[in-house]
Amino acid sequence: MSSSEIDSPHDLPPGTPPGNDLIQIPQVLPAMLLNDVLIYPNTIIPLSVSSEPLVKLVNDSLASHRQLAVFTRIPEPPSEEPEEQFYKVGTACRILKMFRVPDGSMRILVQGLIRIRRLEIINKEPYLTLRIESIEQEQNKTIKIEALMRQLVKDFTRYAEDQSIPEEIRIAVFNISEPGPLADIIASNLSIGLSEKQAILEATDLVERLTLVTVHLAREMKLINIGSEIRDRVEGELEDSQREYYLREQLKAIKKELGEEGESAADIAEFARKVEESHMPAQAAEAAKKELERMRLMTPSSAEYTVSRSYVEWLVTLPWEVSSDDELNLKKAEARLNKDHYGLDDVKTRILEFLAVRKLKQTKRGPILCFVGPPGVGKTSLGRSIAGAMGREFIRMSLGGMRDEAEIRGHRRTYVGALPGRIIQSIKRVGVNNPVMMLDEIDKLGSDFRGDPASAMLEVLDPEQNNSFQDHYLDIEFDLSRVFFITTANDISMIPGPLRDRMEIIEIPSYITDEKVQIAKKYLVPRQIDECGLKRSNIAFSLTGIRAIVRNYTREAGVRKLEQKIAGVCRKIARNVAAGKKAKVTITNHTVATYLGPPVYQDDDMPTIPRVGIALGLAWTPVGGETLIIESTWMPGKGNLIVTGQLGDVMKESARIALSYLRANAELYGFDLAKLGDRDLHIHIPEGATPKDGPSAGVTLTTSLASLFSGKKVRVDICMTGEVTLTGNVLPVGGIREKIVAARRYGINNIIMPEANEKDLYFVPDHIKKQLKFHFVKTVDEVLKIAFADDAKHKTRARVKRLG
């Protein structure tokens, strides 16, 4: 409704304002609504009126009592209702003067008279008319009011000096003796918000009003003091900057006289040339040029110049668009992989598949593989062979023990000595943006107060994100999607789930004895002969000699210890050759002990005669398969079950399940267990110093106890593996490949295994499968009919399969 233009306020001249008793306010007044402006009683303010309804309002007021009600609009009214558009408390004003303007508008000078409260809206047209009531207030001064007034005058005097308030207003404030007008005039000169001003207007109690004005005045003075401090500090810094600029100009002039000015200019020009030639992305080029502009304003001897120079140097030396060409000859790549590694067919197949896809479609995105396997099986060396087969550069980065996220993402340049992360450093070192990068031991990442490197690796190893990898030092996106990432791990369970999902897992199993012999023959022996300075005419290893080293001097999944033993033999021969002994030495199973001493490991003696309570099982270990001899006996006691041999909780549970199944089915098998409550059962697995655990010994435990209860002997030419349930079912287990090889190593030709594990024979070498007879079972009943020596000829429902 209002179209008023608000000018700066003017307060009453010095003198005593009119009291409430001298002012007669009608109960119905025309109302003018103002935006962002509030008029206090005892103050005078000019207004500009241009809208037709308000011009009529002013003319009607001048023709009658010259009074009108002034209210302030609410900035954000709670509703669209007219009553909610403006505050309930306003000021009754008198029009002192009116000036007409040629454009039809007018200027009026109004004086605030008294606080009023609106009761109801009488009319909305042609202008707003309200029924109002005057708000009476007590003028009696108390001691507290007198104290507040003195403090207000004192504070306002200081405030007015800082804010350059006109002298006549300060004089007026000093001479006002009434508390109400004093509070109103001071409040009208404070730079406070509209809501704070309205709260003062609505405060009818003088103590409350004076207190509000005192609080706001104190706050304004505090803000003024803080602003002065900031202004002084800024002025001091500007003076320092001007002084520094002046000194730099002097230094520039001195350097020019000494002929040194061109050093930094030549350096910057060289970097600018490299920026243009590096074909870096627009974002990187823009950052480099911005840094070069900063360098032009610095002296070469300053620390800031060195930091900026290092940053630009990193930008221009990174291989933004430099890639190596892939070797897409599949036969050549396959020959290279076969030459460097024995076996590992799954890994080689995956690499050749990737090369085949690259040959058919020139995609830039590289795969992300994770080799999981025990130590020493060739995971790291396989990455180097892959890089060679593809014709790419190779980077190996060890992640074991890494706890600082900055090792991956780098440090921000605000730190002293900041550098990019190791990924960007490695790419710069090889000079191409598509190397084969092996992240070794990813399962051994740590975390502490410096961050979580595993979380940082999520972006690196995510094909959807690593094309915009952002190093903290560079603060610019770098494309890692062309990098062929290969990670290695020993224990996949230690890799966080989100990180594991981003990688293609390829399991590399432990080597069996025959594979170790072939690896030693083709790779390890020739390498150690060469490293020890020997020739083929000095030494030779027979297959029996290598096999003896594998079986009697090493117990490992890989071939590291095997290579160390071969190296030990070669060093002793090298010593003899250096001493003048030229005769060729052949290492056989009979001569190994001469160079390596007595055997460190010996195969356990397998039972040759069937005995009651003894059964042979198979177990998987990180260094390969092993056989288990499970012994059961009983003695007078109280029905306790004793298990020894350092067994884990799962294996102990398997023993209890086996006992519970046999007790529940004692009548079916003809066991007399009536006196079992007066006896203790003892189950023992030899080699008590070696921890043992897992459910795969369930059938062996059950067979051993069944032999004890029935008095029947278990065949010594048969081994078994499988998990047993309380209902007598035989469930599949893992490690079949290693277990079968272990059985063959100990001369056992019959193996009982779960029928569900028949598919795992695919991973067993053919020459081993041909020498064995497999019994695939589903229930314990089938196991016992095969295992007992007396029942060997009985027909069973188990499927017997001899391969080859």
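This report walks through a predicted model of one protein chain, from the overall picture down to single residues.

**Ground rules**

Residues are numbered from 1 along each chain as its sequence is written, and side-chain values use heavy atoms, with hydrogens and water left out. Because the model is predicted, local features need pLDDT of at least 70 and side-chain atom pairs count only at pLDDT 80 or more, while totals for chains, interfaces and linings use all residues.

**The whole chain**

Of its 804 residues, 47% are buried. Buried here means under 20% relative accessible area, exposed means over 50%, and partly exposed is in between (1.4 Å probe, protein chains only). The accessible surface is about 40500 Å², and carbon and sulfur atoms own 50% of that; the areas come from the Shrake-Rupley method with a 1.4 Å probe, and for residues only the protein chains shown count as cover.

Contacts (heavy atoms within 4.5 Å) tell you how the chain meets itself: taking those between residues at least 6 apart in sequence, 74% join residues at least 24 apart.

Where pLDDT is low, the predicted coordinates should not be read in detail.

Now for some rings. The structure holds 9 aromatic pairs. Rings of Phe, Tyr and Trp (its six-membered ring) pair if their centres lie within 6.5 Å; planes under 30 degrees apart count as stacked, over 60 as edge-to-face and the rest as tilted. Two of the pairs share Phe709:

| Pair | Centre distance | Plane angle | Type |
|---|---|---|---|
| Trp634 and Phe709 | 5.4 Å | 40° | tilted |
| Phe671 and Phe709 | 5.8 Å | 65° | edge-to-face |

Phe671 sits in the loop between α22 (666-669) and β21 (679-684), so its pair with Phe709 ties together parts that are 38 residues apart in sequence.

Trp634 is partly exposed at 23% relative accessibility, whereas Phe709 is buried at 8%. Phe671 is buried too.

A charge sits over a ring if NZ of Lys or CZ of Arg is within 6 Å of the ring centre and within 35 degrees of the ring normal. Arg679 lies over the face of Trp634, at 4.4 Å from the ring centre. Elsewhere, the charged end of Arg413 sits over the ring of Tyr311, 3.7 Å from its centre.

**A helix with a buried face**

Helix α14 covers residues 422-430, and its buried residues are Ile423, Ile424, Ser426, Ile427 and Val430. Seen down the axis of α14, these fall within an arc of 160°, so they line one face of the helix; the arc is that of the directions from the helix axis to the C-beta atoms. After α14 comes Gly431, with a positive phi near 80°.

**A few single residues**

His216 lies in helix α6 (residues 206-258) and is buried at 14% relative accessibility. Leaving aside neighbours within four places in sequence, His216 is in contact with Leu190, Ile192, Glu196 and Ile200.

Ser324 is in the loop between α9 (303-317) and α10 (330-340), buried with a relative accessible area of 18%. Not counting residues up to four places away in sequence, Ser324 touches Gly391, Arg392, Val432 and Asn434.

Some backbone details are worth a look. The peptide bond from Glu125 to Pro126 is cis, with omega near -5°, and Pro126 is in the loop between β7 (106-123) and β8 (129-134). Asp36 is not a glycine, yet has a positive phi of about 60°; Asp36 is exposed, with a relative accessible area of 62%. Asp475, not a glycine either, has a positive phi of about 55° and counts as partly exposed at 45% relative accessibility.

How values were computed
Helices (H or I, at least four residues) and strands (E, at least two) are DSSP runs, numbered from the N terminus.
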